[in-house]
Amino acid sequence: MANENDSFIREVNEQIRSEKLSNFWGRYGAVVIGAAVLIVLASAGAGIYEYWSNSRASASGDQFSNALKLASEGKNDEALKALTELESAGHGEYPILAKSRAATLLAQKGDAAGAIAAFTAIGNDSSAPQIFRDMAKVRAAFLLIDNGTYEQVSAEVEALSSDGQPLRNSAREALGLAAYKAGNFAQAKQWFELITGDSQAPRNVANRAQVLLDNIAASGKAA
């Protein structure tokens, strides 16, 4: 009798569990399946996107390399066309690299105004990585030394000249050269002294600053 009772109780418990499972699945089965499908789709989507992204970046890299090859062969117009296409259709960091290289080619072709405008646009592009923006501002500033005023150079890079800025000594050199060209030797001296007094200044930049400081001292115009 005890065994029969135990068997009966087990059957009842199994029936209850079965009914509970059936009720649960009837109420929540669609949700469970939907969640599972979403997980699978999300995983697959991530894999597909990664493949697509890598493929596009690789293709953009090939386009950029081809543009550089054209430039190295002196085919500047063809290189500029390829870079312009990459600016609008490239992937990853290649559009901003293309813009920077295109601006450099404009400078090499003697189109200083076009190059300055292009570098300035990069420097003002809030979507670009900061280091690209800063480098573009420095490039624009050096072009403005011969094609603009001290104030224009200052507008590009004075904010980059303070301690702690990675490109501070390049910014200081551009400012010093602009002041020197404008005949403001006292101001030029201040910028060059900041460079020579910075132990982390690149040697070639510090050497150029020292040469100009010696010239200013010999002229006696900054006393």
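Which residues is Val153 in contact with, leaving aside its neighbours within four places in sequence? The legends below take up this question first and then turn to other close-up views of the model, which is a predicted one.

**View 1. Surroundings of Val153 in the predicted model.** Once neighbours within four places in sequence are left aside, Val153 is in contact with Ala141, Leu144, Ile145, Glu158, Ala174, Leu175 and Ala178. Val153 is also named, together with Phe119, Val157, Phe192 and Ile195, among the residues with the most contacts inside the largest nonpolar core, a set of 35 residues. The elements that give two or more residues to this core are helices H3 (94–108), H4 (112–123), H5 (130–147), H6 (150–157), H7 (168–181), H8 (185–196) and H9 (203–219). Among these helices, H5 gives the most, with seven residues. In soluble globular proteins, nonpolar side chains tend to be buried together.

**View 2. Packing of helix H5 against helix H6.** The axes of the two helices, H5 and H6, come within 8 Å and cross at roughly 175°. Because angles over 145 degrees count as roughly antiparallel, H5 is described as roughly antiparallel to H6. On the H5 side, the contact is made by Lys137, Val138, Ala140, Ala141, Leu144 and Ile145, while H6 brings Gln152, Val153, Glu156 and Val157. Of the residues in this contact, Ala141, Leu144 and Ile145 are also listed among the partners of Val153.

**View 3. The second core and the end of helix H1.** A second, separate core has 12 residues, including Ala67, Leu80, Leu86 and Ala98. Ala67 lies in helix H1, which spans residues 2–72, and is buried, with a relative accessible area of 1%. Leaving aside neighbours within four places in sequence, Ala67 is in contact with Ala79, Ala82 and Leu83; between Ala67 and Ala82, which are 15 residues apart along the chain, the C-alpha atoms are separated by 5.7 Å. Leu70 is likewise found in helix H1 and is buried, with a relative accessible area of 12%. When residues up to four places away in sequence are not counted, Leu70 touches Lys75, Glu78, Ala79 and Ala82, and the C-alpha atoms of Leu70 and Ala82, 12 residues apart along the chain, are separated by 8.9 Å.

**View 4. A network of salt bridges around Arg172 and Asp198.** Asp163, Arg168, Arg172 and Asp198 are linked in a network of salt bridges. Within this group, Asp198 forms a salt bridge with Arg172, and the closest N and O atoms of the pair are 3.5 Å apart. Asp198 lies in the loop between H8 and H9 whereas Arg172 belongs to helix H7, so the pair ties together parts that are 26 residues apart in sequence. Asp198 counts as buried at 15% relative accessibility, and Arg172 counts as buried at 2%. Side chains of opposite charge can pair when their charged atoms come close.

**View 5. Two further salt bridges, one between helices and one within a helix.** The side chains of Glu173 and Arg208 meet in a salt bridge, with an N to O distance of 2.6 Å. This pair links distant parts of the chain, with Glu173 in helix H7 and Arg208 in helix H9, 35 residues apart. Glu173 is buried, with a relative accessible area of 7%, whereas Arg208 is partly exposed, with a relative accessible area of 39%. Glu193 and Lys189 also meet through their side chains in a salt bridge, here at 4.0 Å from N to O; both lie in helix H8, four residues apart, which is about one turn of the helix. Glu193 is partly exposed, with a relative accessible area of 39%, and Lys189 counts as partly exposed at 31% relative accessibility. A search of the whole structure finds seven salt bridges.

**View 6. The whole chain as context for the close-ups.** The secondary structure comes to nine helices and zero strands. Buried residues make up 33% of the 223 residues in the chain. The accessible surface comes to about 13,600 Å², of which 55% belongs to carbon and sulfur atoms. Among contacts with a separation of 6 or more, 46% are accounted for by residues 24 or more positions apart.

Note on methods
Residues are numbered from 1 along each chain as its sequence is written. This is a predicted model: local features need pLDDT of at least 70, side-chain atom pairs count only at pLDDT 80 or more; totals for chains, interfaces and linings use all residues. Side-chain values use heavy atoms; hydrogens and water are left out. A nonpolar core is a set of buried Ala, Val, Leu, Ile, Met, Phe, Trp, Tyr and Cys residues joined through side-chain atoms within 4.5 Å. Buried means under 20% relative accessible area, exposed over 50%, partly exposed in between (1.4 Å probe, protein chains only). Contact means heavy atoms within 4.5 Å. Accessible areas come from the Shrake-Rupley method with a 1.4 Å probe; for residues, only the protein chains shown count as cover. Axes are lines fitted to C-alpha atoms, for helices over the stretch in contact, and angles run from 0 to 180 degrees between N-to-C directions. Angles under 35 degrees count as roughly parallel, over 145 as roughly antiparallel, 65 to 115 as roughly perpendicular and the rest as oblique.
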